[in-house]
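Work through the exercises below with the sequence and the model side by side. Try each task before reading its solution.

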Amino acid sequence: TGDIAITSTAAGASSVGNLAANAATGDISVSAATLTVGSSSAGATTALTSTVGDLTTGAVTSGSNASLTSAGALTTGNITSTTGSISLDAGGVITSGDLTALSGSISIANILGTITTGLVSLSDDFTLSTSSDLDLAGVTAGDDIRITTSGTGAFGTLTATGLGTDNDNDG
């Protein structure tokens, strides 16, 4: 099926160049204590995980879901999911490029530190509830935009089109 799967159980840092799985059906799954990945492209799902330290990636393109999980800080280039959702989950600071889910949702969560993103574009509602400081270049959502933070917020243009999917079932 053209998949790429790498798991490192070593305690140190792991580095992987660019990854390209089958453009129609390929999955990418990479996990290590601390992880640096070049750009990645998968026809299906992408899962990149650092279990102890930071996760740093280039651009990520995924046919369906893209999941990036870091025990520490998460730094990534632009992320695009054509038919699924994007999930960013970190123990520390999150810094990302543009996030685009053409027919899905986007989830962003961290334990502490600032969340900084490029433009966020999705077909569903955008809901973000956090205690982190936020610096979002802008959000375009297919339905509603709901942002709650006990930190500071800096937002570019926020556009709720009402033309997409109402996944909060609020009418």
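The exercises go from the whole chain to single side chains.

The model is predicted: local features need pLDDT of at least 70, side-chain atom pairs count only at pLDDT 80 or more, and totals for chains, interfaces and linings use all residues. Residues are numbered from 1 along each chain as its sequence is written, and side-chain values use heavy atoms, with hydrogens and water left out.

**Exercise 1. The whole chain**

Task: Find how many helices and strands the chain has, and compare its radius of gyration with that of a compact globule.

Solution. 
- Step 1: Count the elements. There are zero helices and 21 strands. Helices (H or I, at least four residues) and strands (E, at least two) are DSSP runs, numbered from the N terminus.
- Step 2: Check the size. For 171 residues, a compact globule would have a radius of gyration near 16 Å, and the chain agrees, at 16 Å. This radius is taken over C-alpha atoms, and the globule rule is 2.2 Å times the number of residues to the power 0.38.
- Step 3: Look along the principal axes. The C-alpha atoms fill a box of roughly 45 × 35 × 25 Å.
- Step 4: Ask how much is covered. Buried residues make up 41% of the 171. Buried means under 20% relative accessible area, exposed over 50%, and partly exposed in between (1.4 Å probe, protein chains only).

**Exercise 2. Strands side by side**

Task: Which strands pair with β4, and which pair with β5?

Solution. 
- Step 1: Start at β4 (residues 28-32). Four of its five residues are buried, so β4 is largely enclosed by the rest of the structure.
- Step 2: Find its partners. Strand β1 (residues 4-7) pairs with β4 in the parallel sense over four bridges. Strand β7 (residues 46-50) is also parallel to β4, over five bridges. Pairing requires at least two DSSP bridges between two strands.
- Step 3: Locate residues. T7 stands opposite S31 in β4. A32 has S50 in β7 as its bridge partner.
- Step 4: Move to β5 (residues 34-37). Its covered face holds L35 and V37, while T34 and T36 form the uncovered one.
- Step 5: Trace its pairing. Strand β2 (residues 13-16) runs parallel to β5, joined by four bridges. Strand β8 (residues 55-57) pairs with β5 in the parallel sense over three bridges.
- Step 6: Follow T36. Its bridge partner is S15, and T36 also stands opposite T56 in β8.

**Exercise 3. Two side chains**

Task: Are T76 and S81 buried or exposed, and what do their side chains reach?

Solution. 
- Step 1: T76 is buried, with a relative accessible area of 7%.
- Step 2: Find its polar contact. The T76 side chain meets the side chain of T57 at 2.6 Å. A polar contact is a pair of N or O atoms within 3.5 Å; within protein, one must be able to donate a hydrogen and the other to accept it, and residues adjacent in sequence count only if both atoms are side-chain atoms.
- Step 3: Look further. The T76 side chain also reaches the backbone oxygen of G58, at 3.5 Å.
- Step 4: S81 is buried, at 0% relative accessible area.
- Step 5: Its side chain reaches the backbone oxygen of S64 at 2.5 Å.
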